[in-house]
Amino acid sequence: MKARISALPPLNDEVKRFQEMGLVAGTEFKVIKIAPMGDPIEIDLRGYRLCLRKQEMSGFEVEVLGN
Amino acid sequence: MKSKSSETKTYQVALVGNPNAGKTTLFNALSGARQKIANYPGVTVEEVSSEADIDGTKVNFIDVPGLYSLEPVSEDEAVAAAVIHRENVDLLVCIIDGSNLERNLYIFTQIAALGKPVLVAVTMMDRMDKAGKKVDLQLLSERLHVPVVGLSGPLPGELKNLRTRIVEALKTRPIPKPVIERRTALAALQDRLLRMGYDFTLEQLDEKVHSGEQEFESFFADFPELKQVYDDAVAGTVNPIEPSARYHWTQQVQNEVISTVSKPKRKYRLTDRIDYVLTHRVWGLIVFVLIMVFVFECIYTFSGPLMDGIEAAFGWVGEKAGEHLPADSLLQSFIVDGVIAGVGGVVVFLPQILILFLLTSILEGTGYLARAAFLMDRLLGWCGLNGRAFIPLLSSFACAIPGIMAARVMPDPKSRLATILVAPLMSCSARLPVYLILIGAFIEPKFGPIWAGFALFAMHMLGFGVAIPVVYLLNRKMLKGKRLPFLLELPPYQWPRMKDVLIAMFTRGKVFLTTAGTTILAMSIIIWAAGYFPRSTAPAGMDEKQAAMHQLENSYLGKFGTAIQPVFAPLGFDWRISTAIVSAFPAREVVVPSLGILFALGEDAADDESTLRDTMREAKRENGAPLFTPWTAVGLMVFFALCAQCMSTLATVKRETNSRKWAWFMFGYMTALAYIGALIVKLLGDLFGG
């Protein structure tokens, strides 16, 4: 699944970390894999792979671009 | 190190960059024969540095922990940021993974604003070649305003080039323009000037500000408000810069300098194929379990003979030393039973710790550890840990000390502390001899080998099972503060470099020896003294072994054991077991020789386990009932499984958490759990008979 980040939650230290790892407004990413127990997920963004928890991204607004 | 004469000056060069950018490989390649490990003041992260001589220029390379941002979140990153800001650092070698330029340049944008000399080393050129990409190093150098060196292997020729360029940079001191800050500040200036009716392009402004044009500068003197904007543009400082602005720039640079030369192959093609199996919901978990079993098999299989050899060697040294010292003297006992046995007690753990470090370094080098964390995160996550806790906990099954040290990689302080506090509940290898003797004496003869095997497995699972509710409670009730998100980079798979693996293994082994070793040695000497004093004369007719038992019974240690016995009475332990437990508080492995002496077999009884087993089986209470029932044996094992009987672990916890409080807390809660656990077993025994 390909998606684009359309809006971020209000800025705090946690959100800042997501931004510093490259997840800023407008960033496109692709979901590569979901871990065996449903979480975390592996995404491809900016040419690298990042593992993150779905629940910790709950404040992010994401626009699905297709498969 | 510091000298005014320029001939003998040692330049300080720090290697900085993102994790997985190839920094440590480069450090190991650049560094001299000797790496120096020191502790950063106040924190637990080790500073690794090495002096090298490059054609007469003395350079001290500092391996800075990898970091994603100059605004640190973890202790590792805080240390890295502190070194980068350090005043005496003459050059920052910024290591950038060429195959991931966009994210790796992020930290460069922050470093560029510091006004320090920077040299950029682009690594993984080979990986880019394979992906059909080419990076224009010349153009990159122009965009970054600093020299850029490309590295693939790194190949010997490239290393030579890098060394030369480092020496050059130490002389020319190339200082990057604060790329983002300057642009943003110039844009602000452009905007203000436009509102006043002056139309400049950014390039024109850049030129004027850069050259410090007199006429232009004096213009602002009349507008104090504007002057500040101008000064910001000159200094290139403007805060705060949004990460999105930085990424906008890094993306731009990447697009400019990287071109596709041949049919592009995806960088992650091979990695995705491997991951199809290794992170598969079924195969991935099976392979994970197999790898873990393999790690344990290696630790137990290969360390066994080495440990026997070390024990034999120290036994021989002790014997030889004893022969040259006055017989039955204080000095002889101190040297042989205190010092030599104490040092032996430390060194004997080295084989399994080195094997553990070897295997984890290899797994780390390939990139598998990140996948293991990915697989395990959900399992560990629900009680408040995260996937990264898995290595510290796994290591703790060999020894809690490397496990606790391994928790440093966890950026979230809350998860890190929770991991440290439960790591010693994992059944470490020092508990194994106790299990083997008790299971061999009381479980196996009565219930057969299958139950014996099950009992051993159950003892190993007990600590893990108890750890889960403990972490849950800690997170709910005790550990305050916010939690950082679990963000973990999954690097492409690669072959680990043997040199890097071996260096990592020896570095960690050295840290173990210096932190744990000194405590274990000191404690061994204290325990020796408590058992040696006061001297008592054995009544006539006792043989040597009975005399040794008589001595121990009347020593400070024995008296303390007897005095504290009422505390252990509810658990069904007599004075001998109580004394053995007390003697094992500094280091639990002492319990086997202690039991040997206490059951009047001499301390070498451990070598002949069957004798100790038989004697313990036949041991009677004062009322004639057998001392041990299977329930008592299980109770004693549960006590050992849960108790914090290791001073070195407590010392490590104090050091790693930088607080006595947590060490005492760990000691308290584990001892309480051990007591309660053994009490429950005793009550169950009373209920169901045994």
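Lys2(A) stands opposite Lys30(A) in strand E2 of chain A. That pair is our way into this predicted model, and the exercises below start from there.

**Exercise 1.** Work out which elements chain A has and how its strands E1, E2 and E3 pair.

*Solution.* Start with the inventory: chain A has 1 helix and 5 strands. Read from the N terminus, the order is β-α-β-β-β-β.

Next, go back to Lys2(A) and Lys30(A), which face each other. E1(A), residues 2–7, is joined to E2(A) by 3 bridges, and the two run antiparallel.

Now move on to the next pairing. E2(A) and E3(A) are also antiparallel, with 5 bridges between them. Here Val31(A) sits opposite Ile43(A) in E3(A).

**Exercise 2.** Decide whether the radius of gyration of chain A agrees with that of a compact globule.

*Solution.* Take the length, 67 residues: a compact globule of that length would have a radius of gyration near 11 Å. Chain A comes out at 11 Å, so the two agree. For a picture of the dimensions, its C-alpha atoms fill a box of roughly 30 × 25 × 20 Å along the principal axes.

**Exercise 3.** Describe the interface between chain A and chain B: its residues, its area and what chain A brings to it.

*Solution.* Count the residues: 31 from chain A are in contact with 43 from chain B. Then take the area, about 3300 Å² buried, with carbon and sulfur atoms giving 59% of it. On the chain A side, Arg17(A), Arg46(A) and Arg49(A) lose the most area to chain B, together 21% of what that side buries.

Now look at polar contacts, where 15 residue pairs turn up across the interface. The elements giving two or more residues to chain A's side are helix H1 (13–20) and strands E2 (28–34), E3 (41–45) and E4 (48–52). H1(A) gives the most, with 7 residues. Sorted by class, chain A's side has 14 nonpolar, 4 polar and 13 charged residues.

**Exercise 4.** Find how salt bridges and strand pairing link chain A to chain B.

*Solution.* Across the whole structure, over all chains, the search finds 25.

Take two examples. Glu102(B) and Arg46(A) form one, with their closest N and O atoms 2.5 Å apart. Glu102(B) is in helix H3 (residues 101–111) of chain B and Arg46(A) is in the loop between E3 and E4 of chain A, so this pair joins two chains. Asp377(B) and Arg53(A) form another, at 2.7 Å from N to O.

Finish with the strands. E4(A) is joined to strand E10 (residues 487–489) of chain B by 3 bridges, and they run antiparallel. In this pairing Leu50(A) stands opposite Glu489(B).

Key
Residues numbered from 1 in each chain as written. Chains lettered and ligands numbered in written order. Predicted model: local features only at pLDDT ≥ 70, side-chain atom pairs only at ≥ 80, totals over all residues. Heavy atoms only, no water. Contact = heavy atoms within 4.5 Å. Buried area = accessible area lost by both parts, 1.4 Å probe. Salt bridge = Lys/Arg side-chain N within 4 Å of Asp/Glu carboxyl O. Polar contact = N/O pair within 3.5 Å; in protein donor to acceptor, adjacent residues only side chain to side chain. Helix = DSSP H or I, 4+ residues; strand = E, 2+ residues; numbered from the N terminus. Nonpolar A, V, L, I, M, F, W, Y, C, P; charged D, E, K, R; others polar. Pairing = 2+ DSSP bridges. Rg over C-alpha atoms; globule rule 2.2 N^0.38 Å.
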